[in-house]
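Hi,

Here is the model I promised to send over. Have a look first, and my notes on the ligands follow below.

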Amino acid sequence: MPLQALDHPLAGHLMAGLRDRETPPERFRALAKRLTTLLVLQATASLPTRTERVRTPIQETEARVLDSPLAAVPILRAGLGMMEPVVELFPDVAVGYIGLERHEETAIARSYYSKLPPLEGRTALVLDPMLATGGSAAQAVGLVSAAGAARVVMVCVVAAPEGVARLEAAHPGILIVAAALDEGLNERRYIVPGLGDFGDRLYGTG
Ligand code: PRP
Ligand code: URA
């Protein structure tokens, strides 16, 4: 599987709070931000670096610095809840937006917005907390690849095996980083056990 699942006690702890249906939106947003920090560290672990010489107050030494421009593309709406940690960790990141909405009955994602910066040569993180059927992620990764991204990493909170398989089939070799790989989908194509509708829980709607 092209999936890297976070294996860290803090990730499990934060997931427990996100899954709990009693967690109110304010706390849900805070937990999502903290968990995204862990996800983004994992997703960027193999970013290219180069060596530079720096002078400490004591002497000159070698230091490893980032050598690859980064882009982040949250899928509206729920992906917005993952943006803040990315811009905090990578202040020079270029940000684009893709708006996709699943149809309530068919679960087919409809595109309603797309604004991407030039992505040539960039590693692009596509941010969407829920990888359910994989339809939204597959569309978004297609748009980001078509815009020239050198490499795309899909960053999710919860993934279903169905979504992982669909994304891998549409974009072979893509790296998916998630905090949890769940059992599957229910008859409404929600992730089981999942955490419900991420966008609704983030923004207190629904
Ligand atoms: C949710 C979620 C993903 C999508 C996942 O968004 O944030 O974008 O569903 O489902 P899929 O893998 O089956 O495509 P939704 O369409 O509910 O929109 P929202 O973020 O505006 O709530
Ligand atoms: N979108 C969500 O927010 N949750 C799911 O379980 C599936 C799609």
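How many residues surround ligand 1, and which are the closest? There are 15 of them, and the closest are Arg102, Asp128, Thr133, Gly134 and Ser136 (surrounding means a heavy atom within 4 Å).

Some housekeeping: this is a predicted model, with local features needing pLDDT of at least 70 and side-chain atom pairs pLDDT 80 or more, while totals for chains, interfaces and linings use all residues. Residues are numbered from 1 along each chain as its sequence is written, chains are lettered from A and ligands numbered from 1 in the order written, and side-chain values use heavy atoms, without hydrogens and water.

Back to ligand 1. On its own ligand 1 exposes 500 Å², and the protein buries 91% of that (Shrake-Rupley areas, 1.4 Å probe). Strand E6 (97–102), strand E9 (130–131) and helix H4 (135–146) each give two or more residues to the shell (DSSP runs, at least four residues for helices and at least two for strands, numbered from the N terminus). E6 gives the largest share, 3 residues.

Ligand 2 has Arg102, Met130 and Asp197 among its surrounding residues. Here the polar contacts are to backbone atoms: an oxygen atom is 2.8 Å from isoleucine 191, a nitrogen atom 2.8 Å from glycine 196, and an oxygen atom 2.8 Å from phenylalanine 198. Taken alone, ligand 2 exposes 230 Å², of which the protein buries 88%.

Cheers

Conventions:
Polar contact = N/O pair within 3.5 Å; in protein donor to acceptor, adjacent residues only side chain to side chain.
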